[in-house]
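Please describe the salt bridges in this structure. Where do the partners sit, and how exposed are they?

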Amino acid sequence: MEFNNEFVTNFGESLYNIWTNSLDKVTDSQKEIENLLLQAFATQKESLEKITGDMNSIQEQQKNLIAEVRDYIKENIETVYGEETSQTFEKWNDELDELNTRVQQLTSSPYKESLNLLNQAQEQFQQSINNSIELQKKASEEALNQFKIAQKGFMDLFESNTKMAFNLFK
């Protein structure tokens, strides 16, 4: 019986192909999960940015509406009651503005700060996930390299044992 190097090579390649195909399937699944997770982060970030933008837009529209109403009322007061009453109305509006600013600080500032903190936490979590993904990729590459080294050692051992076995039966 003659020793066949092709048999040893095919056997080794088969083991390697089975293992790498399994690893590829696991890696593909992980990549799909990673992509879905990153898409979820992007969607969440877009939503938070939209909420922040909408909130700022609402506040700006509110300011503009209040300014228009005040100007309209001031003109009417000035026309009907005179400039002195109009100035009193402006002083009253200044005090009302100060009160409104305080109320906004009590109500909207915590909300805005919460959104900012949520954005920062989300960005940090996303960065942690990205770092984890990179570490996992490196670990997979290292495992593949170690498997190649182990496979070569196994194949060398298998080849030498096969040669010895064939030599025993000659």
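Asp54 and Lys50 both lie in helix α1 (residues 5-81). They are 4 residues apart, about one turn of the helix. Helices here are DSSP runs of H or I with at least four residues, numbered from the N terminus. The two side chains form a salt bridge, with the closest N and O atoms 3.2 Å apart. A salt bridge is a side-chain nitrogen of Lys or Arg within 4 Å of a carboxyl oxygen of Asp or Glu. The structure holds 6 of these salt bridges.

This is a predicted model: local features need pLDDT of at least 70, side-chain atom pairs count only at pLDDT 80 or more, and totals for chains, interfaces and linings use all residues. Residues are numbered from 1 along each chain as its sequence is written, and side-chain values use heavy atoms, leaving out hydrogens and water.

A second salt bridge joins Asp97 and Arg70, at 2.3 Å from N to O. This pair links distant parts of the chain: Asp97 is in helix α2 (residues 83-168), Arg70 in helix α1, 27 residues apart.

Lys137 and Glu134 also meet in a salt bridge, at 3.8 Å from N to O. Both are in helix α2, 3 residues apart, or about one helical turn.

Exposure of the partners follows. Buried means under 20% relative accessible area, exposed over 50%, and partly exposed in between (1.4 Å probe, protein chains only).

| Residue | Relative accessibility | Class |
|---|---|---|
| Asp54 | 37% | partly exposed |
| Lys50 | 53% | exposed |
| Asp97 | 28% | partly exposed |
| Arg70 | 17% | buried |
| Lys137 | 37% | partly exposed |
| Glu134 | 41% | partly exposed |

Technical notes
Helices (H or I, at least four residues) and strands (E, at least two) are DSSP runs, numbered from the N terminus.
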